Amino acid sequence: MSAYLGKLRLQAFRNYSDSLVSFEPGLSVLLGRNGQGKSNVLEAVCYLALLRSFRTHTIGVLRQWGADSFVVEGEIGSTEADPLAIHRLEVSYGERRTLALDGNLVDRASEFINQFQCVPLVPEDIDLVRGPARERRRFLDILCTQTRPAYLGHLQSFHLAIRSRNAILRATDTYPEHA
């Protein structure tokens, strides 16, 4: 699937009160002085694609100062089979996160993410080379979920199996060692 982000609307997201950014298929370049919000736009794109920020694990800090919630909306266009098809994504985060795809509420994040590919590379990613293996695995897992949609389900099953195995290993009185 070849999809692109055509429009990005931000409400109370970082330094944006209510803004609309339009993109064309292909390369887009953001220009501006330091502190104008270029990285915030990139962070919003990443959050819309992956439901995670590349800058923080604390989602509440994405809200504009003093705001109770934030909204990130996007229009995703296709350059393949039906180039006129537009899909709308919306993430709102107040007391809890709400996801909508084409106006329909989505319960599971796995049904929402990866509507378009987004692979952020930031200076801190030097840790992919120098840092712990878990960071490399995390980066590759994110990349693989975008290029192979079935990978996310397999990854979730794998993590569930690991958690179950570890629970059994910790419960020695329930599952005693067998000689």
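Helix α1 (residues 38–50) lies across β1 (3–13), β2, β3 (70–78), β4 and β5, and it runs at about 115° to β1. Helices here are DSSP runs of H or I with at least four residues, strands are runs of E with at least two, and both are numbered from the N terminus. Axes are lines fitted to C-alpha atoms, for helices over the stretch in contact, and angles run from 0 to 180 degrees between N-to-C directions. Contact means heavy atoms within 4.5 Å.

The model is predicted: local features need pLDDT of at least 70, side-chain atom pairs count only at pLDDT 80 or more, and totals for chains, interfaces and linings use all residues. Residues are numbered from 1 along each chain as its sequence is written, and side-chain values use heavy atoms, with hydrogens and water left out.

Now the overall layout. The protein has 5 helices and 6 strands. From the N terminus, the elements run β-β-α-β-β-β-β-α-α-α-α. The C-alpha atoms fill a box of roughly 65 × 40 × 35 Å along the principal axes. Of the 179 residues, 32% are buried. Buried means under 20% relative accessible area, exposed means over 50%, and partly exposed lies in between (1.4 Å probe, protein chains only). Among contacts with a separation of 6 or more, 51% join residues 24 or more positions apart. Accessible areas come from the Shrake-Rupley method with a 1.4 Å probe; for residues, only the protein chains shown count as cover.

Next, the sheet. It is open, has 6 strands in the order β2-β1-β3-β4-β5-β6, and pairs in the antiparallel sense. β2 (16–22) and β6 (104–106) stand at the edges with a single partner strand each, so one side of each has no neighbour in the sheet. The twist averages 20° from one strand to the next. Two strands pair if DSSP finds at least two bridges between them. Strands of a sheet pair through backbone hydrogen bonds, either parallel or antiparallel.

Two of the pairings can be followed residue by residue. β1 and β2 are antiparallel over 6 bridges. Lys 7 has Ser 22 in β2 as its bridge partner. β4 (residues 86–93) and β5 (residues 97–101) are antiparallel over 5 bridges. Here Val 91 has Leu 99 in β5 as its bridge partner.

Look at the turn between β1 and β2. This hairpin has 2 residues between the strands, and Arg 14 takes a positive phi near 50° there. Most residues other than glycine have a negative phi. Arg 14 is not a glycine. Leu 51 is another residue other than glycine with a positive phi, near 55°. Leu 51 sits in the loop between α1 and β3. It counts as buried because its relative accessibility is 11%.

Arg 14 also ties its loop to the helix. Glu 43 forms a salt bridge with Arg 14, with the closest N and O atoms 2.8 Å apart. The pair links helix α1 to the loop between β1 and β2, across 29 residues. A salt bridge is a side-chain nitrogen of Lys or Arg within 4 Å of a carboxyl oxygen of Asp or Glu. Glu 43 is buried, at 0% relative accessible area. Arg 14 is partly exposed, at 22%. Asn 40 is also in α1. At 10% relative accessibility, Asn 40 counts as buried. Beyond residues up to four places away in sequence, Asn 40 touches Phe 13, Arg 14, Asn 15, Tyr 16 and Arg 55.

The whole structure holds 5 salt bridges. One of them joins Glu 73 and Arg 9, with the closest N and O atoms 2.8 Å apart. This pair links β3 to β1, across 64 residues. Both ends are partly exposed: Glu 73 at 22%, Arg 9 at 25%. Arg 9, Asp 18 and Glu 73 are linked in a network of salt bridges. Glu 75 and Arg 88 meet in another bridge, at 3.6 Å from N to O. That pair links β3 and β4, across 13 residues.

Leu 27, Val 29 and Leu 31 make a nonpolar patch of about 420 Å². Patches are made of residues with over 30% relative accessible area and no salt bridge; like charges are joined within 9 Å, and nonpolar side chains (Val, Leu, Ile, Met, Phe, Trp, Tyr) within 5 Å. Leu 27 lies in the loop between β2 and α1. Its relative accessibility is 79%, so Leu 27 counts as exposed.
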